[in-house]
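Student: Before we go through the model together, could we settle the terms on which each description rests?

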Amino acid sequence: MTALPASPWTLDSVPGSFTETDMRVFEWLLSYQARRHTPGDLLEIGVHLGRSAIVLGRHLREGDVFTVCDLFGSPAPGEDNRREVTELSPAPDRDAFEINYLAYHSTLPEVVHGPSASVAFHVKPGSCRFVHLDASHLHAEISADLAAARELLVEGGVVAVDGYRCRRTPGVAAAVWEAFSAGGLRPVCLSPGKFYGTWGDPGPIQDELVAWLAERPDEWTVAEETVAGRRVIRLDRDPADAAAPGQTLPLPEVAPEAAQEAAPDSPQEGTPAPAPVKAPAWTSTRSAKSRRAKGKAGRGKRKKSWRHRLARKLVPNALRRLRRR
Ligand SMILES: C[S@@+](CC[C@H](N)C(=O)[O-])C[C@H]1O[C@@H](n2cnc3c(N)ncnc32)[C@H](O)[C@@H]1O
């Protein structure tokens with residue numbers, strides 16, 4: 001495990017569109033995998049200046065390999081991809097990524113400098129427990145990246161796909177739902193920005209995630225539905241709990257039991273998995289504080305009144321924030 005900077009642990013100095021919501025979903029999923037002793041490495045395709053890679057790097061266990069891949073300004077494989085990359089601001093730059101990453105961790109990940117297709121030459125099939133796809137958002141490219149992720153993941157590993165419902169990236173939506181309907185990809189949960197899925201059984205992850213979210217009704221909005229016979233969990237964080245634009249709330253230190261337990265304890269085929277340890281009970285400091293200020297600390301699963309819920313639906317966020325001041 002690499003060294004972590006002193007708390008508060010925020011990403012404010014690293015530009016990028018990786019949101020606070022997804023940061024916390026990554027944290028939860030990676031901690032879940034650590035508690036379950038899911039074996040395997042980490043992979044990110046599309047790192048830009050390192051915002052999401054830095055969060056992934058917090059969850060490296062002894063012996064894990066973290067591989068990242070990016071063009072870092074080298075020519076993209078096709079004309080559309082080239083255009084896509086030139087629109088990025090600031091321009092991808094390997095030195096800038098490495099400087100940012102090393103501000104948070106003491107060693108760099110394995111860096112594959114090239115198109116996403118080159119990852120197959122560096123990462124073994126069936127070796128990853130978490131793959132983040134955030135490189136090209138074009139249909140052909142993301143379809144190929146999804147096919148690669150399926151090969152590279154361990155049984156039950158998780159893939160996070162960026163931009164699956166962004167209005168500017170319909171190709172990602174098409175590729176993700178194709179993989180869902182014809183390729184066996186199962187949703188674990190959907191945030192506004194990312195599709196989290198697995199080619200294994202999402203049931204146990206979903207059960208534990210839903211229980212965790214239910215304990216934090218002030219911070220998370222959750223909805224469930226069935227799509228083509230599959231359970232889909234939509235989640236988002238309460239905007240009132242979000243930090244000001246350009247700022248992120250501190251993330252907690254990774255719980256030692258989550259980060260440091262190493263692969264040797266991993267369940268072998270045929271042996272029962274060890275009992276899960278309790279989930280780290282972290283949440284954002286701001287929401288904890290605001291709950292205390294409102295005299296609501298420790299109120300657990302109690303639901304908000306129907307008046308409160310109706311008001312939230314009808315009153316725009318900006319107005320609610322003004323009212324609070
Ligand atoms: C949206 S940014 C990634 C954002 C990053 N995950 C973060 O947290 O800030 C997309 C990145 O993908 C890279 N990229 C685009 N097309 C690629 C391709 N075909 N292969 C590898 N990297 C690619 C770009 O250079 C860029 O750095």
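Tutor: Two strands are said to pair if DSSP finds at least two bridges between them. Keep in mind that this is a predicted model.

Student: What makes β6 and β7 a pair?

Tutor: Strand β6 (residues 186–190) and strand β7 (residues 194–198) are joined by four bridges in the antiparallel sense, and since at least two bridges are required, the two strands count as paired. Within this pairing R186 stands opposite T198 of β7, and a hairpin of three residues leads from β6 to β7.

Student: Why is β6 called mostly covered?

Tutor: A residue is buried if 20 or more other C-beta atoms lie within 10 Å of its own, and four of the five residues in β6 are buried. Across the protein chain, 37% of the 325 residues count as buried.

Student: How do you know whether L60 is buried or exposed?

Tutor: L60, which lies in the loop between α2 and β2, has 20 other C-beta atoms within 10 Å, and therefore it is buried, the cut-off being 20 or more. The C-alpha atom of L60 is 9.9 Å from that of P109, although 49 residues separate them along the chain.

Student: Which residues of the shell around the ligand are the closest, and what classes does the shell contain?

Tutor: The ligand is surrounded by 23 residues, of which G16, G46, R51, S52 and A135 are the closest. By class, twelve are nonpolar, seven polar and four charged; α2 (51–57), β2 (66–70) and α3 (79–86) each contribute at least two residues to the shell.

How values were computed
Residues are numbered from 1 along each chain as its sequence is written. This is a predicted model: local features need pLDDT of at least 70, side-chain atom pairs count only at pLDDT 80 or more; totals for chains, interfaces and linings use all residues. A residue is buried if 20 or more other C-beta atoms lie within 10 Å of its own, exposed if 12 or fewer, and partly exposed in between; C-beta atoms are placed from the backbone. A residue is near a molecule or strand if its C-beta atom, placed from the backbone, lies within 6 Å of it. Ala, Val, Leu, Ile, Met, Phe, Trp, Tyr, Cys and Pro count as nonpolar, Asp, Glu, Lys and Arg as charged, and the others, Gly among them, as polar.
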